[in-house]
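Trainee: I would like to learn how to read a few features of a structure. Please give me the general idea, then the case at hand.

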Amino acid sequence: VTVSEPPPGMPGAVAVKAEDITFRAGRVPFFGLPGYEGNVEPQPLKAIDTGYRSDQGVELLTRWDLYQLLGMAPPDGVETSLIAGGYTGRGPALGTRFKLDRGAMSGGLDLFGLYDFGGTDRTSSGEDVEIDSTPRGIATGEFQTALSTDVMLQAQLAYISDETFVTSWRRNDFVNRREYESSVYLNSQSENTALTVLAKYGINSFLSNSYLLASYGYQVDKLPELTYRRYADDLWKTVNWTQVWSGTLMNLRPTSGTPQSLGIPQQAFDLATPASSITDAYFDAGYTENYVTRFYTRHDVSIPFAKDNWSFVPFATGRAAGYFLEDFQSYSPNAEDLTYSVGAGARTSVRFVKVDDRAESRAFDIHRIRHIIEPNATLWGAWANIDPGDLPIYDQDVEGANGGAAAQLGVRQQWQTQRGGAGAWESVNFLTIDAGVVFNDSASEFQQADANNPQVMAQSALPSFYTWRPELSQFGSHAYGMGSWQISDTLTIAGTGTYLLQDRANITDPNAILENLAKGSIGLSMRHAPDVSTYVEYRYIAPTSSELIQFGVLYQVGKKYLIAFSPQYDLQAGELRAIQGSLSRSFPDFNLNLTAGYNLIEDQTTVSLSLRIPADPSNNTWNGMQNFGRAQ
């Protein structure tokens, strides 16, 4: 074979002169030629995706290299795709994707649309929403660059055609993606100082993120927000001082639509009917769309003491926020235009280590044991001039901060051993347990600002204590625990749980109160051989009292085949919820994946077959910047 440069005007091509040519599919020969002389151009077809869903019909989408189709050489650091195809049950589709990764610049642009002939959207909540014949689609973009060694610029764009497009056509994004927003963020940071400017606006009036619909139910625009932060200044070589100053012009916009039009259960917003307006429910609860100006500052001072295996850190905090243009009286008669709080506390921990060189066990793969015990505690108290729920929450770390008193006592334990055998010993944390208890005074126990109005919520129903900023904790006396036991290199048991030390009969299912378990999970994973592993997991979440058991089997057949199977069983309902299986086959030049699933609750069958050229094991080529987001 002789390879040389092609004639001008043929980017990416090469001139080839070859003899005894064999064409192969993977590694299987299927055709031969005695010789060839001419130009060979790159293949523009990059991937073919096909599958079937009952609400969409048969899917056939192709992905092409756009620059190769146009006969052009792409600029350095730029990847492009043209997506073309459609769905037999819904209509034709067309899209483009761009990815930029050049020097200090990175970003992406995703444009996708289809002309929907009309039909039924099955949302990720299992609800059916009727769709009229209309064009639909999504446009998202993101860009990040360093303007200098200290200054970073980020920008985002998000437009969605309608309320159910993401939850029906991009379910993974609906569940996992960060907030869809259009924003510009500028961050100037040097050493321990940061000055940031944020302008943020939601183009869409509705929400397309599961976590926002399940929590706040609204979006907050910042037009703009200016923040100055200075971390851990060392005063007199004794005191650490952290300060934050910010000024914001902002407004709060409840999601438009109804539970019916959004494709979510009516109970999600506790409305009278599925056709009740969500926006009206928030306005009836006292929320407004008026612009508000907020000036905010927070100061934290601490004096760390540490020596050898112990540390003791007393700290004090002060914070204040002033609001203008809106008095919040329609939201709560106890609202104040000036809010402030002061608090103090201490964190302490100690570390004990014991080594037992005589510990040996073949059954549990133990050779010597190092036991590390770290008792820790936090005592904290704060006073605020308003109660949680007296102001709508624009930012969780500002309006969501609480006063009260709490004590946290915990113990973290690690058991380490050596595994690997002579000449290959390595330390392994084979057993880890982190457990403790949190006590709150009665004033800071869980409370709902208005028990008759579910749109006015002071905090989460599931408690959690944050030692690094106790005022942001979700209060409620509780015990917590988490742990993992790596019994061997092939068998691991892990679990976590939160147990309430108080009844919440006004918000939880009566059946859940019997054991007072707020949430918990425990699972077992076992690798039977290098190619075979299984797992089982039990999950419980209050106040819904959902109890689920998930099983799974992964079987790697040689280096090319991967078989997965995972049923899910609902203990409360006493029935199988879903079954899913997949078969993957890897070839040198492409991947083939077959997935089939059946959801018994939704009575929905999903079958998909995807062919990717070239091989793309991650299947995440176009997920953009996974860690894209504003640095704090």
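Mentor: Start with strand pairing: two strands pair if DSSP finds at least two bridges between them. Helices (H or I, at least four residues) and strands (E, at least two) are DSSP runs, numbered from the N terminus. This is a predicted model, in which local features need pLDDT of at least 70, side-chain atom pairs count only at pLDDT 80 or more, and totals for chains, interfaces and linings use all residues. Residues are numbered from 1 along each chain as its sequence is written, and side-chain values use heavy atoms, with hydrogens and water left out.

Trainee: Which residue in S23 is the bridge partner of Ala 382?

Mentor: The partner is Gly 404. S22 and strand S23 (residues 404–419) are antiparallel and share 13 bridges.

Trainee: How many bridges join strand S20 to strand S22?

Mentor: Nine, between S20 (residues 338–350) and S22 (residues 366–384), and the two run antiparallel. Val 342 stands opposite Trp 383 of S22. S21 is also antiparallel to S22, with seven bridges, and Asp 356 has Ile 369 in S22 as its bridge partner. Four residues separate S21 from S22 in a hairpin, and Asp 365 in the turn has a positive phi of about 55 degrees.

Trainee: Is Val 355 buried, partly exposed or exposed?

Mentor: Buried means under 20% relative accessible area, exposed over 50%, and partly exposed in between (1.4 Å probe, protein chains only). Val 355 counts as partly exposed because its relative accessibility is 46%. Val 355 belongs to strand S21 (residues 352–361). Leaving aside residues up to four places away in sequence, Val 355 touches Arg 368, Ile 369 and Arg 370; contact means heavy atoms within 4.5 Å.

Trainee: How is a pair of aromatic rings described?

Mentor: By the distance of the centres and the angle of the planes. Rings of Phe, Tyr and Trp (its six-membered ring) pair if their centres lie within 6.5 Å; planes under 30 degrees apart count as stacked, over 60 as edge-to-face and the rest as tilted. The whole structure holds 16 aromatic pairs. In one, Phe 269 and Tyr 282 have ring centres 6.2 Å apart and planes at 70 degrees, so the pair is edge-to-face. Phe 269 is buried at 3% relative accessibility, and Tyr 282 is buried with a relative accessible area of 3%.

Trainee: Which residues form one aromatic cluster?

Mentor: Tyr 216, Tyr 218, Phe 269, Tyr 282, Tyr 287 and Tyr 331.
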